[in-house]
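Please look at the sequence and the three-dimensional structure together. The explanation below moves from the whole chain to single residues.

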Amino acid sequence: AIAGRVVVDGWPTGVTVAPAMQHGGPYPAATSASTSVGSTAIERWLRPVCYQNVPDPLLPAELREANPLGLPRTVDGVSAS
């Protein structure tokens, strides 16, 4: 819950996902709306995944119908937990 990265037998990059971290450098790096570092990196590297017709037991726990983790979520436009 506190780690954004798990490193095994290696060195961390020293780059954080935070608004204060930016790419910097010459144009176009300093003016890019999405860079490879900082919080805008989320926009660049996010990979949306769609689960269509997947049986409930094969879904990640967060998406299962029974909501075993008790996460707050919206189902068919209605708040559910």
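The model shown here is predicted. The secondary structure of the protein amounts to 1 helix and 2 strands. Followed along the sequence, these elements give the pattern α-β-β. Helix 1 covers residues 41-45 and strand 1 covers residues 73-75, with a loop between them. Strand 2 covers residues 78-80, and another loop lies between strand 1 and strand 2.

How much of the protein counts as buried? Of its 81 residues, 10% fall into that class; a residue is called buried when its relative accessible area is under 20%. The accessible surface of the protein comes to about 7100 Å². Carbon and sulfur atoms account for 58% of that surface. Among contacts between residues at least 6 apart in sequence, 2% join residues at least 24 apart.

The backbone deserves attention next. Most residues other than glycine have a negative phi. Against this background, which phi does N53 have? The phi of N53 is positive, at about 60°, although N53 is not a glycine. This residue is placed in the loop between helix 1 and strand 1. N53 counts as exposed because its relative accessibility is 74%, and the class begins over 50%.

D76 is a further case of a residue that is not a glycine but has a positive phi, here of about 50°. Its place is the loop between strand 1 and strand 2. Is D76 buried or exposed? With a relative accessibility of 77%, D76 counts as exposed.

The loop between helix 1 and strand 1 also contains V49. Together with Y51 and L63, V49 makes a nonpolar surface patch of about 280 Å². The relative accessible area of V49 is 49%, and therefore V49 is classed as partly exposed. The cut-off matters for this step, because a residue must be over 50% to count as exposed.

L69 is likewise found in the loop between helix 1 and strand 1. Its relative accessible area is 49%, so L69 is partly exposed. Which residues does L69 touch, leaving aside its neighbours within four places in sequence? L69 is in contact with A61 and E62.

Methods: Residues numbered from 1 in each chain as written. Predicted model: local features only at pLDDT ≥ 70, side-chain atom pairs only at ≥ 80, totals over all residues. Heavy atoms only, no water. Helix = DSSP H or I, 4+ residues; strand = E, 2+ residues; numbered from the N terminus. Buried < 20%, exposed > 50% of the residue type's maximum accessible area, 1.4 Å probe, protein only. Patch = residues over 30% accessible without salt bridge, like charges linked within 9 Å, V, L, I, M, F, W, Y side chains within 5 Å. Areas by Shrake-Rupley, 256 points an atom, 1.4 Å probe, with all protein chains shown as cover. Salt bridge = Lys/Arg side-chain N within 4 Å of Asp/Glu carboxyl O. Contact = heavy atoms within 4.5 Å.
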